[in-house]
Amino acid sequence: MSTLLTAEYGVENITKSFGGAKALNGVSLTVKSDEVHCIAGENGSGKSTLIKIMSGVHAPDSGLIHLGQKSFPALSPREAVREGVQVIFQDFSLLPNLTVAENIALPAYISKESFFLSKKKTKEIALEALNLIGIDLDINASVADTSIASKQLIAIARATNLDAKIIFMDEPTTALTRKEIKRLFEVVEQIKARGVATVFVSHKIDEIQEICNTITILRNGEVVADGLMKEFKRDAISEAMTGLNISESRIAPTLRKSTSKVIEVSNLTTKPTFSNISFAIAPGEILGVTGLLGSGRTELAEAIFGQYPIDSGQIIVNEKSVKLNSPSAALKAGIGYVPPDRLTQGLFLEQSIMRNVVSVGIDQYQSRGGGLAKNRLLSAGERWIKELRIKTKNSLNPASSLSGGNQQRVVLAKWLAMNPRLMILNGPTVGVDIGSKREILEIIRDRAQEGMAFLIVSDDIPELIQICHRILVIKNGEISKEFDASELSESSLYVELS
Amino acid sequence: MNKNLAKFKTGLLADRKMTQLMAITGITFVFFSLVSRDIFFSSANFTSMAYQIPEIAILSIAVMLSMLTGGIDLSIVSISNAAALVAVWIMTSHMDDSGNAPLNWIVIACIAGIIVGLLAGAVNAILVASLNVTPILATLATMTLFNGIAIGLTDGVSISGLPEEFVRVGNGTFFGIPTPFVLMVGIGLAVGLLINRTTLGLKIFLVGTNRKAAQYSVMGDRKVIAWVYVISGLLSSFAGLIIASRTSSASPDFGSSYILLAIVIVVLGGINPNGGFGTVTGVILATTVLQMIASGFNALRFSQFFYLVSQGGVLIFVMILNVVLERRKVQRSIIRNLKS
Amino acid sequence: MNYRKLLLRNETALIVAIAVLSISIGLKSPEFYTISTLFDLFRSSFVQLIFALGVLVVIVSGGIDVSFPVVGIFSGYTAVVLMQRFEWDTNSLLIPIALSIGIGIFLGAINAIAIAGFGIPTLIATLGTSGIFRGILLTLIGSSFISNIPAGLDKFATADLIRLETEQGTLARLHVLIIPVAIITILVSLILNRTMFGRSIYALGGGVEATRRLGISVKRTQAKIYMFAGGLSGLAGILYVSLQRKANPNDLTGSELDIIAAVVLGGASIMGGYGTVFGTVLGVLLISLIKGNLILLGVSGSWQRAAVGALLLIGIIVQAVNESKRAKSRRVATNDEAGQ
């Protein structure tokens, strides 16, 4: 209690669960008004949940939130705004049907509790905010038509130009170039000088070291370390975040020499998303693709899955030229895709695990009479639970009852069940606990050893280095460099990314 | 042991919604039987209910299908009227003065009505599945159009006095059970088999649970949705023919309050996204409950408008109940997790 | 290519449609080109427009309200009944209008409780409340036709702003309502564009969660929306009663389709977030034009609904095709003006 009297903002003993999964367990932290405080942790460590609790988006199951002199058992977003909280959300939380100007200006009107708006004032507020971060955007454009990087900048502009008392930034640099990140850090320093507290959430250790004064490290929903930034060495941070000794061994299987290629892509172009993409993957090879958020990496992966249009270029699968203009064409060509957001794109949460596992190949389960062969469905469900070691007592339990790591295995299972030649994975271990992460990578390795080709899109550099044979870096829709992952250091990859 | 327990868990009885529904059916029945001993609890009443339940149940099953995929078909009543009108027009133009028509013309008329249902369903299917129009809007538009065409062609006048042979179906019995009721059971079984025992059925549940994931799972989600609206149109045409047969007439504006009733029934019957036979049975049970309320109110001399109030009331009440129960479930799980 | 351009396109398309329609009608029946046609068009659009503005507000927020006609007639009819029961000043215009608006707001509040309070999906909630309201109106307040409405209201029906003798010898009358209706229309537009309440409505249509996170009270805004729409419906209801010079509790039901069609044709997206007052005005004019002058095109009046349905269908197909074109052309840009 006494430590909190001097602190300005923070939480005390916060616990939060969603369904069966505990996201935060007894988390406490404090932030002073003249410091930049980092919350470091892997994806899935609870960082975003903590931000959402402190900004009123979620209510904690137990614990207190301290904002200045006041304490709250729970907040509403409205109360949080009134207490001076502003947030840059990881998903930006913008309003696509409104203009850039309006998106930036609305919080200003809200905090002043204005009744009226004027177009002129809106534009003024927006231009002022953009000036502050040194960015030039068409403020009359509809947000729906802007690029992802622009959206991130709009979200930043929106939060930073107000008389906020504390600003939370949840992974604010995922789509930004080095130049833009530098500018953002300058803004953070300006904010600090004004006496505004900043909470900077990230999993990128380089950035954390550059900008933060104090740090709290979360792992699996608990605080594992905190203190002054200068007392933490890079390795210590990494180890605290992952709970492992950093030197994680490579587990990519040895590549068997092969002249045949599972897939050959030449000069794939879709303006303005990606252009002149060419690469090939041999059987048993694991190719990594990385780049900033909005660099075109996801769209490229989805294009090869037939989910995104291709303007020109050629794709050859197993020596045959194919037109991948739909996911079913891709499936027919033997290509599978694990999408990045398992909750909205990969799983049928209320349905049973069994139904999820068979969801891609349902037509295979037709019995002779034309009906559904239920016994075969059941056995398929049980087979994959066993094979991928999915932790559940019953294949008929809903997928929502599983933990993140096990849910990801279900999504993997449904595609492995189709035995594809090429598996495209987009962010395969996002929000997955460390144990499941390793096991998923092992599953990938085992399949690769049997000849399955993999294309892994990810922004988790250490993971890519662990599992891939080669890594492509995408910048502005083009391949900027190709790396041989076996002798690669993380830093060279980071340099190329920015 | 686990497997048997699991089977029991997904069986008919253990579905909590189903047991609740059966309880509600039982309670409603007992209530009205006690309160109106002579009028409600009479074979005349039960028989009349048995004749009126089928058409509404079939329409409700159609709505259930579209709601299972996360959409809704508001045009069911206009399709049923249109199908009835076409069939009836063909029938009556081949009817002689004594009110008889050759059997083959009646059959042709019915087939024509069914084709109308299929075509109308196909229009909905094209709008919702191919053009990606929101189901509410698409079926609102087709409802207006089909209804409008029916009014235009008939000048708003209903056709009555149908061939004896045809009317016999809607008012006769099949081994002692009212024919429409038998038809309803048959249709119910067919739809139940479709959603629980076929690949299309499984896909319907998955598409309704998460359309995006269904797209990424390459299961032909568009085709699934298209089928659902075509089948909904087909079922609506069946209902239309049964109505025409029972009332010996067809009109463009019949049953305008049926769409609200059907939605109340589906919500009451509990759409269980996991399926299990409970869903079609639930709809039939819910239809029975509402029909009992209707005839009970009638027996108690309540105004028919009061029935309208209760429809809306039941709908809102059940939805609020769902919300409250869901909130309580979340509260309980929070408490459980805090303790762990 | 942003939606604003599309919306502009939508409104120009409407203006073109109105022009083409007017010319076609005029070609077939030159008597169309009289000032009385214009004045009659306005007169038949007043009530529709007031309803449509309420519907617009709801649709922009991402919801849908099918209870508005019932709210309208409930408020209007009840206002008349109250005036007669309590023998209030029958010459007053203000009292019945204020009463009706007040009752409309009250009914809108009930919608608000169901939607904002309990989170019931808007279509189902308003379907339910429309049944409840209609039932209560017909059972508790009265199901009879009142033809001697209070004098003030009755006289208002013929309160004309301009009276012109036409060449044909008939009277072209521009009703005085043109002024208040124009004022209300402009007011609604100002509210939608220049107040936080209005922008919150668009924000809700753009994303409920994003709006909530901004610190806007979603529930409070929704409550205001449905009460606002209720008030407008109440106003429309009493104006209807006045212009018709009778209060019939069975009126207006079924007119949802025309008004929703007008709003959707006017460019409002049923998904929410888009829609303008100007577009709605054009939509209402187009629908009124069609409905009022079908006869002049040589088409019997019983085809009115089909015409509206066809228009709506064309409108949503065009919107859907445009939407898919936009989605295709809106590819992810990996580099744009940001930071360049």
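User: In this predicted model, where is Pro272(A) found?
Analyst: Start with the two strands around it. They are β11 (263-270) and β12 (274-281) of chain A. Pro272(A) is found in the loop between β11 and β12 of chain A.

User: What kind of peptide bond joins Lys271(A) and Pro272(A)?
Analyst: Most peptide bonds are trans. For Lys271(A) and Pro272(A), omega is about 0°. The bond that joins them is cis.

User: Is Leu252(C) buried or exposed?
Analyst: Leu252(C) is in the loop between α10 (218-244) and α11 of chain C. Its phi is positive, about 70°, although it is not a glycine. The cut-off for burial is 20 or more other C-beta atoms within 10 Å. Leu252(C) has 26 such atoms, so the residue is buried.

User: In what order do the four strands of the open sheet in chain A run?
Analyst: The pairing in this sheet is antiparallel. From one strand to the next, the twist averages 20°. The order is β2-β1-β4-β5 of chain A.

User: Why is one side of β2 (21-31) and of β5 (70-72) of chain A left without a neighbour in the sheet?
Analyst: Look at the ends of the order β2-β1-β4-β5 in chain A. β2(A) and β5(A) each have a single partner strand, so one side of each is left without a neighbour. The reason is their place in the sheet: both stand at the edges.

User: How many Å separate the centres of domain 1 and domain 2 of chain A?
Analyst: Domain 1 of chain A covers 2-242, and domain 2 covers 263-334 + 420-497. Ten residues of domain 1 of chain A are in contact with nine residues of domain 2 of chain A. The domain 1 side divides into three nonpolar, six polar and one charged. Taken over C-alpha atoms, the separation of the two centres is 31 Å.

User: How many residues on the side of chain A that touches chain B are polar?
Analyst: Chain A gives 31 residues to this contact, and chain B gives 24. β1 (9-18), α11 (327-332) and α12 (342-346) of chain A each give two or more. The chain A side has eleven nonpolar and six charged residues. Its polar residues number 14.

User: Which element gives the largest share of the side of chain C that touches chain B?
Analyst: Here chain C gives 40 residues and chain B gives 34. The chain C side divides into 27 nonpolar, eleven polar and two charged. Elements giving two or more residues are α5 (122-141), α11 (256-265) and α13 (304-329) of chain C. The largest share, 14 residues, comes from α5(C).

Note on methods
Residues numbered from 1 in each chain as written. Chains lettered and ligands numbered in written order. Predicted model: local features only at pLDDT ≥ 70, side-chain atom pairs only at ≥ 80, totals over all residues. Contact = placed C-beta atoms within 7 Å. Nonpolar A, V, L, I, M, F, W, Y, C, P; charged D, E, K, R; others polar. Pairing = 2+ DSSP bridges. Axes fitted to C-alpha atoms, helices over the stretch in contact; angles between N-to-C directions. Buried ≥ 20, exposed ≤ 12 C-beta atoms within 10 Å, placed from the backbone. Domains from an automatic or database assignment.
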